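Please walk me through this protein in the viewer, one selection after another. What should I select, and what is there?

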Amino acid sequence: MISKRAQAVSPSETLAISAKAKELTRQGKSVVSLSAGEPDFKTPRHICDAAIKAINDGFHGYTMNTGTPELRQSISDKLRRDNKLNYDPSQIVCTNGAKQALGFSMLAMVDEGDEVIIPTPYWVSYPQMVNIAGGTPVTVRTSFENNYRMTPEQLENAITENTKAIMLCSPSNPTGTCYSADELKALAEVLADHPQVNIISDEIYEYIVFDNDHVSILNIAPELKERTVLINGFSKGFAMTGWRLGYLAAPKPFADAVAKIQSQETSAPSSISQKAGEAAYRGDLEAVKNMRNSFKKRRDYIVDALSNIDGLKCFKPSGAFYVFPDISHYLGTTSPSGNTIESSTDLCMYLIEEHGLAAVPGDAFGEPKGMRLSYASSMDDLKEAIKRLQTGLQELT
């Protein structure tokens with residue numbers, strides 16, 4: 001009964017760790033979870049008020065498949081205002097979360113035998129989405145020493161006659177790293193020599209950049225616009241994860257192709273969420289700035305704390321709300337119960353089972369020497385997490 005396609009898909013390891021943490025909590029065990037990629041803030045009041053008004057006004061029917069004209073216009077205005085990018089509303093498709101925008105983009109772009117280049121560490125769903133579309137994910141392993149950024153030489157070496165696209169994610173999940181303008185320019189110069197290669201630019205964390213303004217590859221290389229799909233959404237910057245609202249902006253023929261797929265799979269996002277998204281982009285960004293400032297303080301704390309733990313290496317990420325320390329020093333060690341820590345998965349299972357600390361193993365992201373810790377948690381939780389991590393690592397021999 002089960003298709004080969006479904007059998008080939010792996011479940012999300014980030015969700016698996018979160019489920020493990022919740023189960024242990026239900027059993028009465030103390031668990032500090034730094035596994036979820038979810039802001040711990042409430043959705044700003046003006047956004048919630050817009051949703052409540054929509055409900056009270058009876059705005060609860062189906063909308064246009066690609067999203068309401070008002071929401072798509074607000075996204076178009078936002079892209080012009082915040083990103084200096086010009087997209088007509090007809091080039092925008094609103095989706096049930098940015099994840100759906102990514103998945104439908106793969107279905108609309110990738111044919112069997114096509115290759116999609118994915119820098120490692122990658123968000124867990126990227127390779128699986130390529131597999132579902134019938135393509136072949138080609139991972140390019142980046143280095144801790146380069147803050148896990150792909151070099152132009154690595155990109156050039158990965159491109160073949162079958163390359164259909166490259167996945168870019170800046171700021172990055174899981175590492176928090178951001179590509180600089182110069183680094184994006186160097187990648188764009190490589191792509192200029194390979195006109196068959198499309199770009200999928202995941203910019204969902206654009207509002208959570210600490211030290212400089214967010215830079216899109218289209219700001220650096222506007223000539224790539226006709227082969228670039230811009231992915232974004234409301235979940236991270238506005239703490240709207242459960243509202244399930246994302247979008248893509250792309251050349252009109254591609255947007256139309258995605259719209260056809262969406263019309264048969266899900267249709268438009270929730271009408272209430274769309275009104276909330278409209279309010280998010282029409283309102284001020286004061287709440288977003290306050291959230292970002294809080295994340296920056298947490299980042300500075302956790303990077304400093306991790307750097308003071310023997311054997312761990314951790315660079316200071318430029319965006320998102322994750323750190324991705326190098327844990328290779330602890331691979332090959334033995335836990336007090338006699339189990340060998342052979343992988344980052346082993347280490348994370350040991351930490352959650354023996355010390356009540358939930359983190360996501362680097363194996364889930366294609367980097368066996370790393371571990372993702374989310375600092376989208378209270379400062380008290382972060383301090384307790386550091387204590388448990390330090391204790392757990394000290395017990396390994």
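A residue counts as exposed when its relative accessible area is over 50%, as buried when that value is under 20%, and as partly exposed in between. Select Lys84 to see this applied: its relative accessible area is 63%, so Lys84 is exposed. Keep in mind throughout that this is a predicted model.

**Lys84 and its loop**

Stay on Lys84. The loop that holds Lys84 runs between α4 (69-83) and β2 (92-95). Look at the backbone here: phi of Lys84 is near 60°, which is a positive value in a residue other than glycine.

**The whole chain**

Now zoom out and show the protein as a cartoon. The secondary structure consists of 14 helices and 12 strands. Switch to the C-alpha trace; along its principal axes it spans about 60 × 55 × 50 Å. How does the radius of gyration compare with that of a compact globule? A compact globule of 397 residues would have a value near 21 Å, and the protein agrees because its own value is 21 Å.

Colour the residues by accessibility. Of the 397 residues, 55% count as buried. Next, show the surface, which exposes about 16900 Å². Carbon and sulfur atoms supply 48% of that area.

Contacts can be sorted by how far apart the partners are in sequence. Among contacts with a separation of 6 or more, 75% are between residues 24 or more positions apart.

**Charges and salt bridges**

Select the charged side chains.

- Select Lys53 and Asp57. They form a salt bridge in which the closest N and O atoms are 2.6 Å apart. Both residues are exposed.
- Select Arg81 and Asp82. In this salt bridge the closest N and O atoms are 2.7 Å apart. Arg81 has a relative accessible area of 39% and is therefore partly exposed. Asp82, with 27%, is partly exposed as well.
- Select Arg388 and Glu384. The closest N and O atoms of this salt bridge are 2.9 Å apart. Both residues belong to helix α14 (residues 379-394), where they sit four residues apart, about one turn of the helix. Is Arg388 buried or exposed? Its relative accessibility is 14%, so Arg388 counts as buried. Glu384 is partly exposed, because its relative accessible area is 29%.
- Select Asp211, Lys296, Arg299, Asp300 and Lys316 together. Salt bridges link these residues in a network.

Which helix holds Arg298? Select helix α12 (residues 286-307), and you will find Arg298 in it. The relative accessible area of Arg298 is 9%, so this residue is buried.

Now display what surrounds Arg298. Leaving aside neighbours within four places in sequence, Arg298 is in contact with Asp40, Phe41, Tyr375, Ala376, Ser377, Ser378, Met379 and Leu382. Pick Ser378 from that list and draw a distance between C-alpha atoms. Arg298 and Ser378 are 80 residues apart along the chain, yet their C-alpha atoms are separated by 8.3 Å.

**Two cis peptide bonds**

Move to Thr120 and Pro121. The peptide bond from Thr120 to Pro121 is cis, with omega near 5°. Pro121 is in the loop between β3 (115-120) and α6 (125-132).

Then go to Ser170 and Pro171. The peptide bond from Ser170 to Pro171 is also cis, with omega near -5°. Here the loop lies between β5 (163-169) and α8 (181-192), and Pro171 is part of it.

**Last stop: Ser267**

Select Ser267, in the loop between α10 (252-265) and α11 (271-282). Ser267 is not a glycine, but its phi is positive, at about 70°. How does Ser267 count by accessibility: buried, partly exposed or exposed? Its relative accessibility is 31%, so Ser267 counts as partly exposed. Lys84, where the tour began, also has a positive phi, but Lys84 is exposed.

Methods:
Residues numbered from 1 in each chain as written. Heavy atoms only, no water. Helix = DSSP H or I, 4+ residues; strand = E, 2+ residues; numbered from the N terminus. Rg over C-alpha atoms; globule rule 2.2 N^0.38 Å. Buried < 20%, exposed > 50% of the residue type's maximum accessible area, 1.4 Å probe, protein only. Contact = heavy atoms within 4.5 Å. Areas by Shrake-Rupley, 256 points an atom, 1.4 Å probe, with all protein chains shown as cover. Salt bridge = Lys/Arg side-chain N within 4 Å of Asp/Glu carboxyl O.
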